[in-house]
Amino acid sequence: MNRTERLYAIAEELRAAGRSGRTGAWLARRLEVSTRTVKRDIDALLQAGVPLWAQAGPGGGYVLDSAGMPPLSVTGAEAAAIAVALAALPDLPFAVDGRSALAKVLAVMPAPERERAEAIAARLWLRTPDEVPRPAVARVIDEAVRRQRVLVIGFRDRNGELTERAVEPVALACTGGHWNLLAWCRLRQGPRWFRTDRITAAHLTAEPAPEHDPATLFGTPPPDARPVRLR
């Protein structure tokens, strides 16, 4: 990460932290630099007119007045990283939304940074890994999870028996070589894992699904499937 990218990163980390701010030590660990480097970067941001202030006392640190900041900035390297993730795993849940988000990011980036993103991406050649297949009904299942709507599915169990059931979607999990819909099954009156390759049909209803906590219903995630974290 060059200095320009680091200055962007510090500003965005402080923006995300809000009024609680971040300490110099936290920023140093996050960016893998020394606290002295962070202090110099903070001074550079102040000289550039970025509305920063120091919060004194235990746990104090740097705080960004986001009201005085321009809209979110994304560097060329960050945009390229998003593109790489989408190219490497093009059929993940919400991949279409990811590509839409990337297009929006590229549209508002300054031309030099957009060109830099394109140049970085062009130097990354990927061998797409073998993907866990997702069924034709995957988009409907994604939408049910996204909008928290009751889903009516046709499901064929391991014995070949086909049933139709209304389910309340909770989560999606890729484990053991299969994608699974984790849901509260109204037919069985309990939490169930539904292998999505056994879901023969899916109909999204207009009925809001009750809020369910995945950990409460399903316990600890399997070792090969952990929740996605944004930070």
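# Exercises on a predicted model

About 250 Å³ of space lies in the second largest pocket. A pocket is, on a 1 Å grid over the protein atoms alone, an open set of points where a 1.4 Å probe fits, with protein on both sides within 12 Å along at least five of seven lines; lining residues have an atom within 4 Å of a point. The volume is the space filled by probe spheres set on the points, which are joined across faces, edges and corners. The model is predicted: local features need pLDDT of at least 70, side-chain atom pairs count only at pLDDT 80 or more, and totals for chains, interfaces and linings use all residues. Residues are numbered from 1 along each chain as its sequence is written, and side-chain values use heavy atoms, with hydrogens and water left out.

## Exercise 1

Describe the lining of the second largest pocket by residue, element and class.

Step 1. The lining has 13 residues, and those closest to the pocket centre are Phe 155, Asp 157, Arg 158, Trp 193 and Arg 198.

Step 2. β4 and β6 (190–195) each give two or more residues to this lining. The largest share, four residues, comes from β6. Strands (E, at least two residues) and helices (H or I, at least four) are DSSP runs, numbered from the N terminus.

Step 3. By class, the lining has three nonpolar, two polar and eight charged residues. Here Ala, Val, Leu, Ile, Met, Phe, Trp, Tyr, Cys and Pro count as nonpolar, Asp, Glu, Lys and Arg as charged, and the others, Gly among them, as polar.

## Exercise 2

Check the span of helix α5 (residues 95–108) and locate its buried residues.

Step 1. The expected span is 1.5 Å times one less than the number of residues. For the 14 residues of α5 this gives 20 Å, and the end C-alpha atoms are 20 Å apart, which agrees.

Step 2. Ala 95, Gly 98 and Leu 102 are the buried residues of α5. Buried means under 20% relative accessible area, exposed over 50%, and partly exposed in between (1.4 Å probe, protein chains only).

Step 3. The arc is that of the directions from the helix axis to the C-beta atoms.

Step 4. Lys 104, Ala 107 and Val 108, on the other side of α5, are exposed.

## Exercise 3

Find which residues of α2 (24–31) are buried and what they pack against.

Step 1. Gly 24, Leu 27, Ala 28 and Leu 31 are buried in α2. Down the axis they fall within an arc of 100°, so they line one face of the helix.

Step 2. They pack against α1, α3 and β2 (62–64), where contact means heavy atoms within 4.5 Å.

Step 3. Glu 32 follows α2 and has a positive phi, near 60°.

Step 4. Ser 34 lies in the loop between α2 and α3 (35–47); at 36% relative accessibility, Ser 34 is partly exposed. Its C-alpha is 9.0 Å from that of Gly 24, ten residues away in sequence.

## Exercise 4

Carry out the analysis for helix α7 (residues 138–147).

Step 1. The buried residues of α7 are Ala 138, Ile 141, Asp 142, Ala 144 and Val 145. They fall within an arc of 160° seen down the axis, so they line one face of the helix.

Step 2. Their cover includes β3 (149–156), β4 (162–175), β5 (178–185) and β7 (199–208).

Step 3. Gln 148 follows α7, with a positive phi near 55°.
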